Amino acid sequence: MFKALGRFFTKIKEGLTKTRKLIGGALRALIGLGRTIDQTFLDELEGTLLAADIGVAKTEEILTELKRRYKAGEVAKGEDLLAFLKQSLRAELQAPDQELAWAAKGTPTVVLVVGVNGAGKTTTIGKLAARYKQQGKSVLIAAGDTYRAAAIEQLGIWAQRAGVEIIKSQQGGDAAAVAFDAVAAAQARGHDLVIIDTAGRLHNKEHLMRELEKLRRVIQKRLPEAPHETLLILDATAGQNAVQQAKIFKDAMGVTGLVLTKLDGTAKGGAALTIRRELGLPVRFIGVGEQIDDLQPFDPDAFVNAIFGDE
Amino acid sequence: MFTQIADRFTSIFNRFRGSGTLTEDNLKEGLREVRRALLEADVNVGVVKTFLDAVTAKAVGESVLKGVAPGQQVVQIVHDELIAVMGAADSAIPFAKAGPTVILMAGLQGSGKTTTCGKLARMLKEQGKRPLLVAADLQRPAAIDQLKILGGQIGVPVFHEPGLKAPELCARGVNHAQLDNRDVVILDTAGRLHVDDALMAEVADIHRRTTPHQTYLVIDAMTGQDAVHSAKAFNDRLSLDGVVVTKLDGDTRGGAIVSLRATIGKPIKFVGTGEKLDALQPFHPDRMARRILGMGDVLTFVEKAQAAVDETEAKKLEERIKKNKFDLQDFQDQLKAIQRMGSIKDLLGLIPGVGAKFSELNIDESVFRRYQAMIGSMTKYERSQPELIDMGRRRRIALGSGTSTNDVQALLKHFLTMKKMMGKMGDFQEMAARLPDNPHLTPEQLANPQAFMPNPNKLFARKDDQDALKKYRQERKRKKMLAKKNRR
Ligand SMILES: Nc1nc2c(ncn2[C@@H]2O[C@H](COP(=O)(O)OP(=O)(O)OP(=O)(O)O)[C@@H](O)[C@H]2O)c(=O)[nH]1
Ligand SMILES: Nc1nc2c(ncn2[C@@H]2O[C@H](COP(=O)(O)OP(=O)(O)O)[C@@H](O)[C@H]2O)c(=O)[nH]1
Ligand SMILES: [Mg+2]
Ligand SMILES: [Mg+2]
C-alpha cells in the first residue's frame, strides 16, 4: 500500500517535473526577475501558455483579464500574477466530488469508454478495472472493440492483469451485442461495475459515430439508465483538435467526463481547459504511464501547480 | 473557438483590399490573423514566430504587384512559404543495392506505427517486393498478435521469436529476411515517450544493431505543441530519414507537420488517411498548406467526387438535364453517388467558405436513404414519368418503402422543383450564392444533388475557389440589403 502510494508520487513527480522544466522554468524566470508587466512580458507569458496547448482563445482571455487587473491596480508584481493565473485556471478545473456516478444498489454501474484511435481507451479500462477491483468492487469488462486487429486479445490481457472477468466475441463481431451481453451478464451475476471498450474512431466519421449511438441504445434496451458514465479518453499530446473531439463526442454520446492520458510525457494537455470551459466536461482521471497503477484521480491543484512549476 | 479560419482569412483579404499598397501596418494586422490561424492549427508557437519573421521579410522586401490586391499577395506569400517549409513531396524509398532494405518505424504510443507497418508492407508487396514484418513491440499487450493479423490480411509473413530483447529480435529478423530471400524488412517497435530514457536507449540499440536504410518517425496528425519535443528527441537518437503522418482522415488542421518539418527538416514520406491498410498516400504540401490555413481541402473533395462519379455517366447526365429529360432514375443514381462520396457534412467542410456555414448544422442524412427507398419502390414507368404518379401509386410506393404518402408527395414536389431549377443551376458558384443566410437548410436544399454534381472537375476547379467565395459574399450582402429595404 505505502509502496504503491510512494510509486504514485514518484510517477506524478516524474511526469510533472518534465512539464515543469518547460513551462514552469519559463514562468519562474519571468517572475523571478521581478519585472513589471510590460508588453514584452505579456508576449513571453502568452508564448508560455500557448506552448501548453491552452489555445489561442483561452490564452487571450487570460491575458485580457490580466491586463484589466493590472490597470485596476490589483496586480503589480510577479507573485500576484502567478496567484491570479493559478486561481483562474484552477477555478475552471474543479472535478466532481465523486470519481464515478454510481448506480443505485443492486444495479451494475455501466461505464462506456470512447475516443479517437490510439488515445488510450483499452489501457485506461485495464487500469480502471484494477482500481475498482482493489476497492472491493466486482468488475466486468467488455471487449467492444471488435474492429481493430487484436483489440480483443489486448483487453483480454488487461482482464488477466486486473483479475476481472471479460465478455468478448470474435473480431468482426457485433460490438453492440457484446455490450448488451456484458450488461445482461452483470445484472445476472451481480457485478458492481461494467466497463465497455469501444473501437477507436475519429469524431468526424458520421457512420462510426452513429454506430456508437446504436451501441448505447442497445445497452439501454437492457438497462434504460445506462451508461451511467461515458468517459472520453483524450491523449494529452493532442492539440486543439481535442476540443473538437470533445464537442462531437459529447453531442453524440453525452460524454460525462474525460480521462487525460500520456501525461507522463512533456505534453501538458492544456486543451482540457478549453474543454472544461466550453463544454463543462471535467477531467476525472489522468494516465501517467503504461503500467496498471499508472492512473490517478484528477487533481486540479496538482495539474495547475505542475503547469507553473510549483510543488 | 470553432469559427472557421477560412472566414476570418477572407476578412483579412477584404481589409487589405482597396488599401492599394502594402504598409508595415496592414501587414502586421493581417499577419496577426495568420498567426492565430497557425496557432489554432497547432503549429508550435516558436515555429510560428520564425515563420512569420520569414514571411515579413519576404513581403516587405517585395514590391507590390500591379493589379493584385496586397492582401492576396500576402496570403500568397504565406501559402507559398508554408509549402516551402513543408518541403517537396518525396515518397521514394531508396532501396539497398545488396541484401534486404531495412526500415525502422518508431514513435510515441498509439501514433499508428503498427498499422503503418502493415500499410507499407502492403504497398511494397504491390510494387513487387517481398517484404517481411518484424514484430518487436514487447510492451503493448497483444501487439504481436496485432501485427500478425495485419500480416495475414495482406499475405506478408511476420517474424517474431519469444524470449528475446527487442534489439536482438530485430537483428534476427533481418538475418531471417536474408535467409528467406526477402528484400524489405519492416521493424515494428513499441511506442515510447521521448523522455523515457530506457526505452529511447532501446530503440537506439535496435538502430545500431540493424543499421536501417530508412528510419521513419510515425506521428499523429492531431499532435499539438509537443510535436517539436518528441520529433527532436527521436531525430537526435535515430537520425531519421523521414516522417509518416497518420490520422489525416480526421478534421485536425495538422499544424504539427509544419512544426516538425521546421524542427528536424526531414521529409514527410507518407500520410495515413484511414484505418484500412490501403489508406496510405503520398504527401501533398500544397493541399496541406491550404488545410492548415483553413482554406478547405478542395482537391481532396474533387478526388472523392471523381472516385464516386463515373465521368461518362456524368456527361450523359448533363445531356439529359440539358434536354430536360432528368427523371427519378437519374435522381436515384445521383443520390447513390453522393452517398458513395461519404458524409455530406465532411464533404461540405472541405469547401472553402462553406464549412463555416455548416459547422453548427445537423444534417439529417436519413433523408437520402428515405428518398432512395421510395424511388426503389417505384416501377420503371413511374421513375421516368413522375408527373403521372397518382394517389393510388403514391399509396403503394409508401407501403413498399415503409414511408407515408406525405413523404412520397414531398419527394415528388422536391423533384419537380429541382427539375425546374436545373436549367438555371449551372455551377457551384451559383450554388454557393444560393445558400441561404440561415444555416438551417431544409432537407430539400440539402438533398439537391445539383450542388455537387454532375461535373466536379468543372465545378470545383481550384482557381475558382476564391471567386466563388467572393461572389457568394457579394450575393449575400446584396440579399441582406434587399431584405432591409423591404422591411422599411
Ligand atoms: N506513456 C503512456 N502511454 C499510454 C498511456 N495510456 C495508454 N498508453 C499507450 O498508448 C497506446 C495506445 O493505447 P490503447 O489503450 O491501445 O489505446 P486505444 O485508445 O484503445 O487504441 P485503439 O483501440 O487502437 O484506438 C498503447 O501503447 C498504450 O500502452 C499513458 O497514460 N501513458
Ligand atoms: N483513422 C485512422 N486511424 C489510424 C490511422 N493509422 C492508425 N490508426 C489507428 O490508430 C490506432 C493506433 O494504431 P497502432 O498502429 O496500433 O499504433 P501504434 O501503437 O503506434 O502501433 C489504431 O486504432 C489504428 O487503427 C489512420 O491513418 N487513420
Ligand atoms: Mg483499444
Ligand atoms: Mg504498435
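At 0% relative accessibility, Phe415(B) counts as buried, and this residue of the predicted model forms a tilted aromatic pair with Phe331(B), at 6.0 Å centre to centre and with 40 degrees between the planes. A search of the whole structure finds four aromatic pairs over all chains, and two of the rings discussed below, those of Trp102(A) and Phe95(B), have a lysine lying over the face. Chain A and chain B also share an interface, in which they bury about 4,000 Å² between them.

**Aromatic residues of chain B**

- Phe331(B) belongs to helix α14 (residues 328–340) and Phe415(B) to helix α20 (residues 405–422) of chain B, so their pairing ties together parts that are 84 residues apart in sequence.
- Phe331(B) is buried as well, its relative accessible area being 0%.
- Together with Tyr371(B), the residues Phe331(B) and Phe415(B) make up one aromatic cluster.
- Elsewhere in chain B, Lys129(B) is placed over the face of Phe95(B), at 3.9 Å from the ring centre.

**Aromatic residues of chain A**

- Among the four aromatic pairs found over all chains, that of Trp102(A) and Tyr132(A) is edge-to-face, with 5.3 Å centre to centre and 85 degrees between the planes.
- Because Trp102(A) lies in the loop between α4 (78–93) and β1 (109–114) of chain A, while Tyr132(A) lies in helix α5 (residues 121–134) of chain A, the pair ties together parts that are 30 residues apart in sequence.
- The two partners are described by separate accessibility values: Trp102(A) is partly exposed, with a relative accessible area of 28%, whereas Tyr132(A), at 1%, counts as buried.
- The ring of Trp102(A) also has Lys137(A) over its face, at 4.3 Å from the ring centre.

**Interface of chain A and chain B**

- Contact between the chains involves 49 residues of chain A and 41 residues of chain B, and of the area of about 4,000 Å² that they bury between them, 54% is on carbon and sulfur atoms.
- Three salt bridges are found across the interface, including one in which the side chains of Glu60(A) and Arg36(B) meet at 2.6 Å, N to O.
- Polar contacts across the interface amount to 16 residue pairs, counted with both residues at pLDDT 80 or more.
- On the side of chain A that touches chain B, at least two residues each come from α1 (2–32), α2 (39–50), α3 (56–71), α6 (151–162), α8 (206–222), α9 (241–253) and α10 (271–279) of chain A, and α9(A) gives the most, with six residues.

Note on methods. Residues are numbered from 1 along each chain as its sequence is written. Chains are lettered from A and ligands numbered from 1 in the order in which they are written. This is a predicted model: local features need pLDDT of at least 70, side-chain atom pairs count only at pLDDT 80 or more; totals for chains, interfaces and linings use all residues. Side-chain values use heavy atoms; hydrogens and water are left out. Rings of Phe, Tyr and Trp (its six-membered ring) pair if their centres lie within 6.5 Å; planes under 30 degrees apart count as stacked, over 60 as edge-to-face and the rest as tilted. Helices (H or I, at least four residues) and strands (E, at least two) are DSSP runs, numbered from the N terminus. Buried means under 20% relative accessible area, exposed over 50%, partly exposed in between (1.4 Å probe, protein chains only). A charge sits over a ring if NZ of Lys or CZ of Arg is within 6 Å of the ring centre and within 35 degrees of the ring normal. Contact means heavy atoms within 4.5 Å. Buried area is the accessible area (1.4 Å probe) that two parts lose on being put together, summed over both. A salt bridge is a side-chain nitrogen of Lys or Arg within 4 Å of a carboxyl oxygen of Asp or Glu. A polar contact is a pair of N or O atoms within 3.5 Å; within protein, one must be able to donate a hydrogen and the other to accept it, and residues adjacent in sequence count only if both atoms are side-chain atoms.
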